[in-house]
Structure formats: C-alpha cells, structure tokens
Amino acid sequence: MGEQNHSPGKELQPRTRAEAPGKKSWHSQAYALGAVSNFMSTFLTFPIYKVVFRQQIHAMAVSEAVRQLWHEGPQYFYRGIYPPLLSKTLQGTLLFGTYDSLLCFLSPVGPHTLGHRWAAGLMSGVVEAVALSPFERVQNVLQDGRKQARFPSTFSILKEFNSYGLWGRLSLGYYRGFWPVLARNSLGSALYFSFKDPIQDGLAEQGLPHWVPALVSGSVNGTITCLVLYPLIVLVANMQSHIGWQNMPSLWASAQDVWNTRGRKLLLIYRGGSLVILRSSVTWGLTTAIHDFLQRKSHSRKELKTD
C-alpha cells in the first residue's frame, strides 16, 4: 500500500505506455498476460453479453431477455462462449502488439502525436477485424436462440459454412457482415488508443495510486467508444445471426431492417446500452490496468539489470 506513493513509481509512469524513442520491442510476457486478462474478463461478463445480444436481435427489455435465458436453462448460459474466448485471447495479443509495432513504424524516433496514435490504432483495428471476424460470426449464430435446434454446436455451424463454395464460405459464411465489423473495429481502436494515454497521464498527475489511472482510462475509453459505435454493434449482430444461402439480406437491407424494427427511433437502437456500459467498463478497464501493470514490472526489471 505504501509503495503506491513512492517516487520511483511516479518516475516510471510516463514510460509504461511508450518505449524510449527509436526503440521497438516485443514483450511476450505482456501480451500473454493481456491474453489472460481478456480471457478472464470475457468469461466473467459473457452472461451479460448474451442478455445484450438478445436485446439487439429481438428488441426486448432487460428483464424479458433475462427471463428468456433463464427459461432455456442454466446449461445454455455459456452456450457460444468458445469462439469469443478464443477470439478475445487472440485480441489481447493483436490489439497491443500490432498497435505498438505500427506506432514505432510510423514514428520511429518519437514523439508519438495524436495523428500517429490514431493511424496506428486504425490500422490495428483493420488487422483485428480480418483475424477475428470469423470467430464473432460463429459466436453470433450460436447465441441466437432461434438457431439452437438447427445448429446445436460450433461444429455444426462450421460444417454448414464449409458446405458452401469458396466465395460463399467467405461472403456468406465466415465473413458475413465484414464491412460493418471493419468500420467498428478500426474506428474503435483508433478512438481507444488516441485518448487512452492522455486520460491516463492526466489522472497520474493527480497523485493517484498507479493502477487507478490505467483502470479509469480503460473503462472510460471502452465505454465511450462502445456507445459511439453501438449502432454498428447492433447491425453486426443482426447481420451475422443470418445463415444459409436463401433470403440473405444485403448490408443496406439489414440496416433498414434494424431501423424499422426499432420503430425508426435512435433511442430504441440503444436499448441495452446500460449493460453494454457495464460490460465494456469492466472488460477494458481490467485489460488496460493489467497491461499497464505488466509493462511497469518489465521496465522495473530492465532498470534493475542496468544499474
């Protein structure tokens, strides 16, 4: 407790999120811990996500979504969790690793400006969308209660996708709804990385314990980013819940359907926003705090070796 206010901790604060100019490094331990933190936060918040997903698909109230899941039985609470667990574990590596590499490429000698952080975050979001979109696609099919009888497992969905031709596997199978996923992930990563460090540095100047600025910065950024892009999240969930060759609506038709289903009211599209805030705050707060903590430890060990 007492070491939280020690001056050495404060001296390390600016360097936990940015390497010395011109240096590029890959901290395997940091990304491993980031993967573990994403794994744990996904597991803990998955029931909340299922309630949000039901609201996005069926436009129902929170109590009704919870009642529907409870009626299906506790054995289905974690149905569909394997794809997001795997994708979030990969995301923990891709999100920070790709961003750091791109940031060093764009500005190898520093300092890293807002434009550099935005561009690196945008491109890392593109990489994330390409790599993880298939996992989200399978997850959304599994979580749709209307598909339980036809597709009771991940294997049954993969078997369906693989029965299509090559182009069908991509456009109708694994990468269904890819364009809104690409827009959501790229813009979300750009927003997150652009403002994470300024918020964290501002809070660190207030003399708070070193883990608080990272936790608050991650929570605030995750919440704001999620709310700004929430309409895209709803659109992706609806597009990726469709499966099969016939009656597959286009991107524009899917957007119109979401708008009409919500009574042409923006407020109804944001139904479930309170749960999204809770889940996003916990997930991004923990991920950012753990990543920052591990970077501190890594820098501390390096400094001890050089002394």
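Helices (H or I, at least four residues) and strands (E, at least two) are DSSP runs, numbered from the N terminus.

This is a predicted model, in which local features need pLDDT of at least 70 and side-chain atom pairs count only at pLDDT 80 or more, while totals for chains, interfaces and linings use all residues. Residues are numbered from 1 along each chain as its sequence is written, and side-chain values use heavy atoms, with hydrogens and water left out.

Which residues does Val-51 contact, leaving aside its neighbours within four places in sequence? They are Val-62, Ala-65, Val-66, Leu-69 and Leu-275, where contact means heavy atoms within 4.5 Å.

Leu-172 brings us to helix H7 (residues 166-174), where Gly-168, Leu-172, Gly-173 and Tyr-174 are buried. Buried means under 20% relative accessible area, exposed over 50%, and partly exposed in between (1.4 Å probe, protein chains only). Viewed down the axis of H7, the buried residues fall within an arc of 145 degrees, so they line one face of the helix; the arc is that of the directions from the helix axis to the C-beta atoms. Leu-166 and Trp-167 are exposed, on the face of H7 turned away from the buried side. The cover over the buried residues includes helix H5 (114-143) and helix H6 (154-162).

For the fold as a whole, the protein has 13 helices and zero strands. Of its 307 residues, 47% count as buried. Among contacts between residues at least 6 apart in sequence, 79% join residues at least 24 apart.

I turn now to charged pairs. Side chains of opposite charge can pair when their charged atoms come close. The structure holds six salt bridges, each a side-chain nitrogen of Lys or Arg within 4 Å of a carboxyl oxygen of Asp or Glu. In one of them, Arg-184 pairs with Glu-136, with the closest N and O atoms 2.7 Å apart. This pair links distant parts of the chain, since Arg-184 is in helix H8 (residues 178-204) and Glu-136 is in helix H5, 48 residues apart. Arg-184 is buried, with a relative accessible area of 14%, and Glu-136 is buried with a value of 14%.

Finally, a remark on the backbone. Most residues other than glycine have a negative phi. Arg-264, however, has a phi near 55 degrees, a positive value in a residue other than glycine. Arg-264 lies in the loop between helix H11 (251-261) and helix H12 (266-269), and is exposed, with a relative accessible area of 55%.
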